[in-house]
Amino acid sequence: MAVANLIHVTDQDFAQEIEQHQGVALVDFWATWCGPCQMVAPIVEQIAKDYDGKVKVAKVDVDENQRITMRYNVRSIPSILVFKDGKHVETVVGAVPKAYLVEKLVRHLS
């Protein structure tokens, strides 16, 4: 399912898409073989819809983008990182409920 506000970023465009983004961005570090990642995927998609225009939502495949994965010390997946004005401000590791993710996200929207 394609979600308009959900982008896939790579080692090559992460700096441009996330680190140079003004505002809040949520980045889901995941892999196709990761069961908990598949559980979180619909939550991330729903957040992309709910916060369209307020939050940039991106996904990074850790198998294909190891440089950026190592740079942010992602050792367990899913790891969801929140950025504000290009700076890493929050990390959530594991399959968590939508309400928990939203709580971590909204504190950076004001």
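From the N terminus on, the protein chain runs β-α-β-α-β-α-β-β-α. That makes 4 helices and 5 strands. Helices here are DSSP runs of H or I with at least four residues, strands are runs of E with at least two, and both are numbered from the N terminus.

A word on the source. This is a predicted model, where local features need pLDDT of at least 70, side-chain atom pairs count only at pLDDT 80 or more, and totals for chains, interfaces and linings use all residues. Residues are numbered from 1 along each chain as its sequence is written, and side-chain values use heavy atoms, with hydrogens and water left out.

Now the overall build. Back to those 4 helices and 5 strands. The radius of gyration of the protein chain is 12 Å, close to the 13 Å that the globule rule gives for 110 residues, so the chain is as compact as a globular protein of that length. The radius is taken over C-alpha atoms, and the rule is 2.2 Å times the number of residues to the power 0.38. Along the principal axes, the C-alpha atoms fill a box of roughly 35 × 30 × 25 Å.

Next, burial. Buried residues make up 52% of the 110 residues. Buried means under 20% relative accessible area, exposed means over 50%, and partly exposed lies in between, with a 1.4 Å probe and protein chains only. The chain exposes about 5,800 Å², and carbon and sulfur atoms supply 51% of that. Those areas come from the Shrake-Rupley method with a 1.4 Å probe; for residues, only the protein chains shown count as cover.

Contacts next. Take the contacts between residues at least 6 apart in sequence: 73% of them join residues at least 24 apart. Contact means heavy atoms within 4.5 Å.

Charges, quickly. There are 12 positive and 14 negative charges, and their mean positions are 6 Å apart. Lys and Arg count as positive, Asp and Glu as negative; His and the chain ends are not counted. Each charge is placed at NZ of Lys, CZ of Arg, CG of Asp or CD of Glu.

On to the disulfide. Which residues does it join? Cys34 and Cys37, with S to S at 2.3 Å. The rule asks for a pair of cysteine sulfur atoms within 2.5 Å, and by that rule the count comes to 1 disulfide. The torsion about the S-S bond of Cys34 and Cys37 is about 80°, so this disulfide is right-handed. Are the two cysteines buried or exposed? Cys34 is buried, at 4% relative accessibility. Cys37 is buried too, at 3%.

Now the backbone. Pro78 sits in the loop between α3 (66-71) and β4 (79-84). Asn73 is also in the loop between α3 and β4. Its phi is positive, about 55°, although Asn73 is not a glycine. Asn73 is partly exposed, with a relative accessible area of 48%.

Asp85 has a positive phi as well, near 50°, and is likewise a residue other than glycine. Where is Asp85 found? In the loop between β4 and β5 (87-93). At 36% relative accessibility, Asp85 counts as partly exposed.

Start with Phe14, in helix α1 (residues 14-19). Phe14 is buried, at 0% relative accessibility. What does Phe14 touch, not counting residues up to four places away in sequence? Val9, Glu19, Val27, Phe29, Val60, Ile68, Tyr72 and Phe83. Take Val60 from that list: Phe14 and Val60 are 46 residues apart in sequence but 8.8 Å apart in space, C-alpha to C-alpha.

Ala41 belongs to helix α2 (residues 35-50). Ala41 is buried, with a relative accessible area of 13%. Its C-alpha lies 9.3 Å from that of Lys59, 18 residues apart along the chain.

Finally Val102, in helix α4 (residues 98-106). Val102 counts as buried at 18% relative accessibility. Leaving out residues up to four places away in sequence, Val102 touches Ile47 and Tyr51. Val102 and Pro42 are 60 residues apart in sequence and 14 Å apart in space, C-alpha to C-alpha.
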